[in-house]
Amino acid sequence: MRHRELWYKDAIIYSLDVETFQDSNGDGVGDFEGLIRRLDYLAALNVTCIWLLPFFPSPNRDNGYDVTDYYGVDPRLGSLGDFVEFVHQAHNNGMRVMIDLVVNHTSIDHPWFQAAREGPSSPFYDYYVWSKEKPEDAHEDVVFPGVQESIWTYDRKAKAYYLHHFYDHQPDLNIANQAVRDEIRKIMAFWLKLGVSGFRVDAAPFLIGLRGLDEIVPDNTDPYVYLREFRDFLSWRRGDAIMLAEANVTMDKIPEYFGDGDRLHMLFNFMVNQHLFLALACEEAGPLIEGLRLPPEIPTSGQWANFLRNHDELDLGRLSDEQRAFVFEQFAPQKNMQLYDRGLRRRLAPMLGNDRRRLELANSLLLTLPGTPVLRYGQEIGMGENLELNERDSVRTPMQWSDDPNAGFSIADRSDLFRPVIDEGEYGYQQVNVMKQRRDPDSLLNWTHKALLVRRQCPEFGYGDWYLLEADHPAVLVHRCEWGGGVVVAVHNLSSEKVSTRLDLSDYSDDERWLGLFSDHAYDELDGSGAAIELAGYGYRWFRIEKPAG
Ligand code: NOJ
């Protein structure tokens, strides 16, 4: 059967932050009205699903991942009415909408936390995780080393320490409390009713973590059951809605997140992400092959979400110290490009030296690796970073639309922009912008548009079973995806050298024909199968395989 039933397996997801995308009222902050005006752009790019980073009322101490009201829109970005209009218009343009579900923690300013500080007499006290004494593990597992010292902070009013896996202004919610789980369900229900197709579940491992709750939960409590609870609820309320979780966990934990197809639908593939950058750094396919092989099999309805860069640091914590040091050396040699002892805070284009061939290679891998690709705004035009900004804000500068003042992002005074646009050097908006690239048939933007168009016609990459094919060259990755009778193959050369390689096709029929679909430049058509293949330096070729009839 070739029914494209599971939309998320076939999606092209584009992530953006409303506040940095398009300002419509000149106050220096992006807003929903501005985003609505840009929907044509996203639809024309062949995006099928927009993932919005948090847009809820928030003091914005962590880019909106510190929520004070789960049922509203940050007034700087618009109103709930604007949100509903946005969802409606996105649908009219053929795109779904996903939003962040940030319920591992709230902001300290959330009324629940403020009430909880009254102490155990408050009905909200048990919404959070408290300890009268400072726990011994206070300095372990801090997520933001160098910026955050402890995961337990003393609250003078409550006269107790509260748990916060992230910054001290983000107290963790107590998932073991039924009332908290009821709140989470209500939040999901609310946004589902407003038309979203799913949630990116923030900090999933911490959300279901039971740290600090020994006195409340019985020893044998299985926190993964909560995932099943949420999934059931989600599916009852909206059958095609999904949960895509951020869970950068060890591979033995992965099955717990997917369950038997009855927990989460998708996980970001952090393993492939980190190994992909190692492979790009050493110009060899080996690390990527390893990254693809490390994750366990997942249920048929489960799916990996692949990405190159996201709004956070590029976390390399799953590589060995030596491997990580090598990636740093290649892609983030200066200390201020690195962050939290494990990652780097750069955009893709500068990491790859703005080498167009390498940018295409990385994007081509993103679009063909088994799973669903997630692009980040600005990736399609090769935006750069601003290392003068704090921590991860370096990669969160406003979208560069044109060479008008402020990159066409806002008509506010430059000094009123809530975050500066990149306005100098190779990545300044005068050089890198949508308008300019739209006019240039050879631009990265037009390349991305074409690549996504072809990708849309290859559901096998998203739905299919995948197999690695042996190539006799260490820089070459060849994988084959099969689904519903269709077969596609992608061949990538990770090195700068032109290569010519032989593939082991002994498992396949002799008379399969390889038809070129997309490539870095025009190669001669293959004469029959891909047993011998040529690739330019950093070259890539996608094929559709025609099988003999019968
Ligand atoms: C993960 C988000 O991606 C990150 O930006 C945020 O700081 C933490 N979760 C805390 O919410």
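## Tryptophan 112

In this predicted model, tryptophan 112 has 10% relative accessibility. Buried means under 20%, so tryptophan 112 counts as buried. Tryptophan 112 sits in helix 5, which covers residues 111-116.

What kind of pair do tryptophan 112 and tyrosine 127 form? Their ring centres are 5.2 Å apart and their planes meet at 70°. The cut-off for edge-to-face is over 60 degrees, so this pair is edge-to-face. The pair links distant parts of the chain. Tyrosine 127 lies in the loop between helix 5 and strand 4 (130-131), 15 residues from tryptophan 112. Both tryptophan 112 and tyrosine 127 are buried.

## Aromatic pairs

The model holds 43 aromatic pairs. One of them joins tyrosine 70 and tryptophan 112. Here the centres are 5.7 Å apart, with 35° between the planes. That makes the pair tilted. This pair also links distant parts of the chain, 42 residues apart. Tyrosine 70 is in the loop between strand 2 (49-52) and helix 4 (80-92).

Is tyrosine 70 buried or exposed? Its relative accessibility is 3%, so tyrosine 70 counts as buried.

## An aromatic cluster

Some aromatic residues group together. Phe32, Phe55, Phe56, Tyr71, Phe83, Phe86, Phe190 and Trp191 form one cluster.

## Charges over rings

Which residue lies over the face of tryptophan 401? Arginine 38 does, at 3.8 Å from the ring centre. Arginine 480 lies over the face of tyrosine 508. There, the distance to the ring centre is 3.7 Å.

Definitions and conventions
Residues numbered from 1 in each chain as written. Predicted model: local features only at pLDDT ≥ 70, side-chain atom pairs only at ≥ 80, totals over all residues. Heavy atoms only, no water. Phe/Tyr/Trp six-rings, centres within 6.5 Å; stacked < 30°, edge-to-face > 60°. Helix = DSSP H or I, 4+ residues; strand = E, 2+ residues; numbered from the N terminus. Buried < 20%, exposed > 50% of the residue type's maximum accessible area, 1.4 Å probe, protein only. Lys NZ or Arg CZ within 6 Å of the ring centre and 35° of its normal.
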